[in-house]
Amino acid sequence: MSDSTLSISSHTLPIGPRSDSGRLILGLLSLAARELIATILVLIGASLLLFLVLKAAPSEDHLQLRLGQSTSVTAEQAGETFASETLAGQYVTWLEGVVTGDFGTSKALQRGRPVADLLKPAFFASFKLLAAGLFLSALLGLLAATLSIFRSRNPLWRITLGLTSLTSAIPVFLYVYALVAGGNRLIAWGAAQQHWQIPGWFPLPMSPDFVPWFFAVLILAVGDGSLMDMTQRFGSELRHSAGDEHMVGVRMMNISVPVVIARGFLPGALSHISRRISFVLGSLVVLEAALGWPGLGYLAWRAAAERDMPVLLGAALLMAVALRLVLMVFDLVGTAADPRRRVTK
Amino acid sequence: MKRVLALVILMVGTATSGMAGLRYAEATAPTSLNPMLVADMPSLRSTELMYEGLVSPPIAGEVEPALAKSWSISPDESSVTFNLRSDVKWHDGTPFTAQDVIFTIEAGKDPRTATALGAQFEAFELVEAPDDHTVVVNFRRNVLNPLLYFDFKILPAHGFPEGYVAAEAAIESPIGTGPFKYKEWTHAGEIKFTRNANYDRGNTGGIKEVEVSPVPDDNIRNELLRYGAVDLLPQVRPKDIPAFEELTSVRLYPYSTLSYSYLGLNFRDNPLLRMRVFRQALISGIDREEMLKAHYGNRGTIISGPFPPASWAYNFDVKPWPHDRRRAEALLDEAGVSDTDGDGIREFEGSPVSLRIVSLAQSEVQKAVVLDLQQQLKNLGIGADVRFMEPMAWKKAVFEDHDFDMVLAEWTFDNSVNIYTLFHSTQSGPNQNNFGGYANADTDRLLDDSRDAANSEMLRALYGELHKQLHNELPYLFLWSLNRYAAISSRIENVRLHPFYFFSYIADWTEK
Amino acid sequence: MIGSLRWSRFPSVTKSSRYLGMAIGIICLVPATLGVVAAAFGWLPHDPLQFIGESNGGPSLQHFLGCDSLGRDLLSRLWAAAAYFTPPGALAMVVALSLGVVLGVAESLGGRFWGAISSWCLQVMDSLPKFVLVLLVAAIARSNLIWIMAAVGATFAPQIAAAIRSSVERLRAAAFIEAEKSLGVSMTRIVFFHILWGHARHVILAQLMSLMAYALLVETSLSYLGGELGVQEPTPSWGNMIALARDGVFTGNLLPAIIPAIMISITILGFSLVGQGLLQLWEERA
Amino acid sequence: MSDMALKVEGLTIYLEGRTGMRRVVNKVQMTVPMGHIYALLGESGSGKTCIVQTILGLHPGVPGVVSGTAEVLGLNVLEKLPKYVELDESSTPTAIRKDMHGWNRTIRDVWAPMMGSKVTLIPQDATTALSPFHTVGCLLQKAISNSGKQLGREELRKEALNWLRRMEMYDVESVSNRYVHELSGGMAQRVAIALALASEPRIVIADEPTTGLDATLRIQLIALMASMVKNRKATLFLVTHDMDAARILANEVAVLYAGSVVESGPVEKILDPTYKPKHPYTWFLLESERRLLQGAEMFKGSRSISPPDEGCPYIIHCPRAIERCGAERPTLTPEGDEHQIACWVEGDYR
């Protein structure tokens, strides 16, 4: 294994005289329970970190964290009560609100509107985009990695792969700029020349219709180094998996080589993908902000630009939760795929 | 080639057909749908769709009936009696009564209401409702043209049980009586309105829906209109006008907004800016004509005072300060601001001069203007830091925290061109219009006099005086007034624009 | 390799292609480095802030790359931007390195208690999306690049720590650390000499390279998006240069937008290629 | 079909190292008759593993076989092998472009039909060399079905358990549900032996099967292997540096030094401590063992291999080297019945 950051590498699973699948399910369940606890601990830490960063701010921004939805008191009163509490008290009050879905109210973006109202629809739009982007990135990365290994002697392929690196070094915002400016110009030009009609989604950033949406996914999958990273990591994972010592035994027993390679490859690949999510979320923020598309990233950027701390914090926390949950699922899948990760004690 | 693309298009669905209604794009999303809290033009334009006043927005000093059928002004012009329409319902079905008018005026006067219209409501003293459809408004003092005080929009009393308009009420289920109903505010910032079926003032229009979407990029906004994705841009950049003039699908509607751009100054804690000589040095040192030419293609006028040049109040006898670098430098030296250590930046009382300029990051042109300004200041030996901000953050910095030295901004006026709130020393609190904290006894006196002016001749004379005084006093560095053009798709017909409220006549617009 | 049977179906990347990649990477970094050097020694052709040329003027002998819409010399701005970014970028490296080393060493060699604590800290940092944390800091610190880059560095600490941890794990597998410990070699020496310098050097360097690529990405993205989060005009940054020249595609003045875009891309590519080459060197050695 | 299970002639292998091409195996000759147990003896790095890799087709890209044949069950597996190394006039090897497709084709056409059924392998370290994704039972079932027997699910399962019992294991149900990494080293090695034999192969190739195990286990396993192999009349090609294992198991032995076979013949002639060895290297091996057992003084200095390009590879360490040894390479010459030796010096050593 290469340097995998996120994998929780050793799990203890009970061994009993049960059938393999029974053991697996039981083991995974207990593992899931333990990981859930770890995830909750980590999320509490994350919220604490966010809270402390905000408290470190020189301005009075943190007072915006006061609860906003309760109608019995006015916002000012709530803010005053909040400010008079101790640091720990403020944190607990805030966390209490967050856990019950009360992220406070927006202070600048849509003044007075509950943050949760803004976040909820945005979350699903972004999640779709993110998942599609990651999937495409992984798919293209796997393709490129496989090609780079099997066709590594072919200069044409090597040039192609070099160009892939090159395209991947282009930041997302440049892609968006090129897409919006160049794409619109191109469509407009073609329409003016009567080569085609103006499509419904024109001009580009206006609506996440399918075609622009697909382009956005492609940008997310390629830009900001995503594709290059995926290709490289997958390539090294594949090499490791295929060059592992057990391949001798596997081949000598006529066991299907591709299946074994895939099973060895999967956990490492999943842990690379889950590490990549953190970066792709960043790209998502830039993408949505540059396109002006509604979504968690757009909200986060607008909130940062307008100093709307409740919205920004809410978005950050929501992303952290999603990230941890995906991580957990990936870890479970990886453990299911590779028995070596279920270390017996 | 054609076939493949056609296939793609088929998959995507057909183009713009089937989209009914009027879609327009603003640079920034409206920040409020409550007319009492409105402080920016996009919000003002969108509230105009939903709300009505007692009388129609004045144009050339004349008003027409709106929520009031008729009115009578008392002979001494100290009170107005309105007969209200009895057939009007709020969008939620509640009937409109005199209580709503009383509530609106009371709320406007309530200090807890964070409104910029405070001064207007200040003029009213007593409001009475003899019956459900009659309202008598008494003025605190005699006013010149009492009807012009009634262009504010009426809010529903039942929508505000607290009795005032809290800042948080910006978008809480807005209800009005106007031609369009609020439908939804998407999280993307688009606001949708649908036609109010109960609205009947004898209008001929046929627009079913209105949708406003924020599109920050000037170029994209233009492309949107050019290819029919929106129908209207309230304002196009001067440099884009030639391109639109060539298009048959778009018509340009010039409208003389009463507006001008200026550099607002903060008088609160900068001793330099409080010195008149320094301000005069600045206005002489900045080459406004060159800037207007470079950034706006010369589509505008350099101004000399606090009134828009298209208004009746503008004093053409006062000429703008000419650009005179030498005079500026002399004045700076006179003010004691000189470069003692030879680093190119002048010092004042031992420390180098540095101004904090705040601007909206709205468009490239605005950015270019601010950077140009910074460069010109630097050439004069005055350092300047620039901060480009997003709208809400900008508003907070300028109107609430007063955290700036100089701000590039623009005022748009209605026909009364009332500058009382802009320069009167009593109007300098948080969220009030005199954000620079300018205070001058002479100005205050002239403003007070003008408010009490008995007739328009007198008012004109007083405003002329005021113009001259502020030209010398320079509470702002007055820059220019730009020509405005709305670009509207030729699909929309029967268009008439109000120079300030913009959508006042939308009930008459039709679509092809 | 000799001694036990191994079936390696895929030959590893050949030496020549690896060095080719690194060489290309280093070449990609040349323009930015030139800029840093030129700015440091005051060799910029013009003052990057002065309006000296014609608005949107094309390339000429006076201005090699032409001027932007305000008539500022493009080449000077490009180079000055590289110079302006360098110290905060270096700060990001320092923050990532120190935080990552402390946490990584504590995690893998600090015993149960400190190991658990620092592992928790690293997981907390890793569970917050990097860019969003940076946004938060940027919103608070306004456009102070120092703080933003410090935040970028902090978000990269888990990567550095992971590099150290995997090194320690490998050395553990080779029973190296235990052997050294039993020989009475001091912990500091083990950590700094054997682990950091002897074993994890390349992979840490590779991570720092990818950190630089990411830092540049964050800075240019923020500066491009605006909102008082990134570098503010008139201070040059490749991001805000593009932002100001965005109109170019619509008005035909492409150069002021394209040149900074190329600079960003090749510099990021350079950092990634060098980092990748280093990582491959490390993988091969291990 | 030939009666030879394995026949290697003039096999020369080059590897691409960091410093360039390196010859690791030099003109090796070996013939293993059917049903025999043949031990290839040599210290680490002498090229044993490389020979096995080449015979089994386990090493793509790398083996630059320049010359020689390797017949497995009468089939020359190196015939279709694409060449990766060629020699110029001055016998300097240069790597030529590696042909992945040719390699894959050769594996598919030549090796794949034999491997796992007719030819099997007992790996050096079973815990890492067996598939970690399958349980022991699953692996055994696969091996049994590789033999071509048509068995039902339940029969397969029973047969797999039988194999575990044959390997003298207890609690076989539990073991068959475990993964290889969950077994101890000895158990894993037993499983590996079972796997190698379960498919009823003609040839079993064992690559240092007892290395890394403790002494008692080693003896047990050797005994087990001996009985299993003999019972099944399979040919065993044992690659080891464990002389005890060779002594107990093998009929014939070849001693490999620095890629060359220096001595080969019946085990009792070569590995008998009382018998006078012919080759100084063989003597060195046996003498080392004797001194170790008797607690006598050990040899000084290392025997690390850096063979000269020409002449006898053992010349550096050889105490009785003559002039000819430096100039000319000794070839295997018959020395009595079936005993061959590569040494220019006549007569017994000591």
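Predicted model: local features only at pLDDT ≥ 70, side-chain atom pairs only at ≥ 80, totals over all residues.
1. Is Leu36(A) buried, partly exposed or exposed? With a relative accessible area of 39%, Leu36(A) is partly exposed, because that value falls between the 20% and 50% cut-offs. To find Leu36(A), look in helix H1 of chain A.

2. Together with Ile40(A), Ile44(A), Val321(A) and Leu325(A), Leu36(A) makes a nonpolar surface patch of about 390 Å². Two helices of chain A, H1 (20-55) and H12 (309-337), each supply at least two residues of this patch. H1(A) gives the largest share, with 3 residues.

3. Now for chain C on its own. Chain C has 11 helices and 0 strands, so its pattern along the sequence reads α-α-α-α-α-α-α-α-α-α-α. Its C-alpha atoms fill a box of roughly 70 × 45 × 35 Å along the principal axes. Of the 286 residues in chain C, 58% are buried. If you take the contacts in chain C with a separation of 6 or more, 69% join residues 24 or more positions apart. The accessible surface of chain C is about 10,900 Å², and carbon and sulfur atoms account for 69% of that surface.

4. Which chains have the most contacts between them? Among the 5 pairs of chains that touch, that would be chains A and C. Here 65 residues of chain C are in contact with 68 residues of chain A. About 6,000 Å² is buried between these two chains, with 71% of that area coming from carbon and sulfur atoms. Chains B and D, on the other hand, have no contact joining them, and their closest C-alpha atoms lie 38 Å apart.

5. A bit more on the polar side of the A and C interface. The rule finds 6 residue pairs in polar contact across it, both residues being at pLDDT 80 or more. There is 1 salt bridge between chain C and chain A: Arg307(A) pairs with Glu228(C), and their closest N and O atoms are 3.9 Å apart.

6. Keep an eye on Glu228(C). Besides pairing with Arg307(A), the side chain of Glu228(C) meets that of Arg387(B) in a salt bridge at 2.5 Å, N to O. What else is linked with Glu228(C) in a network of salt bridges? The members are Arg307(A), Arg356(B), Arg387(B), Asp403(B), Asp405(B) and Glu228(C) itself.

7. Over all chains, the count comes to 48 salt bridges. One of them lies within chain C, where Arg77(C) pairs with Asp68(C) and the closest N and O atoms are 3.9 Å apart. Both partners are tucked away: Arg77(C) counts as buried at 1% relative accessibility, and Asp68(C) counts as buried at 6%.

8. The side chains of Arg166(D) and Glu159(D) meet in a salt bridge at 3.5 Å, N to O. Arg166(D) is partly exposed, with a relative accessible area of 32%, whereas Glu159(D) counts as buried at 18%.

9. Arg247(D) counts as partly exposed at 27% relative accessibility, while Glu289(D), at 18%, counts as buried.

Note on methods. Residues numbered from 1 in each chain as written. Chains lettered and ligands numbered in written order. Heavy atoms only, no water. Patch = residues over 30% accessible without salt bridge, like charges linked within 9 Å, V, L, I, M, F, W, Y side chains within 5 Å. Areas by Shrake-Rupley, 256 points an atom, 1.4 Å probe, with all protein chains shown as cover. Salt bridge = Lys/Arg side-chain N within 4 Å of Asp/Glu carboxyl O. Helix = DSSP H or I, 4+ residues; strand = E, 2+ residues; numbered from the N terminus. Buried < 20%, exposed > 50% of the residue type's maximum accessible area, 1.4 Å probe, protein only. Contact = heavy atoms within 4.5 Å. Buried area = accessible area lost by both parts, 1.4 Å probe. Polar contact = N/O pair within 3.5 Å; in protein donor to acceptor, adjacent residues only side chain to side chain.
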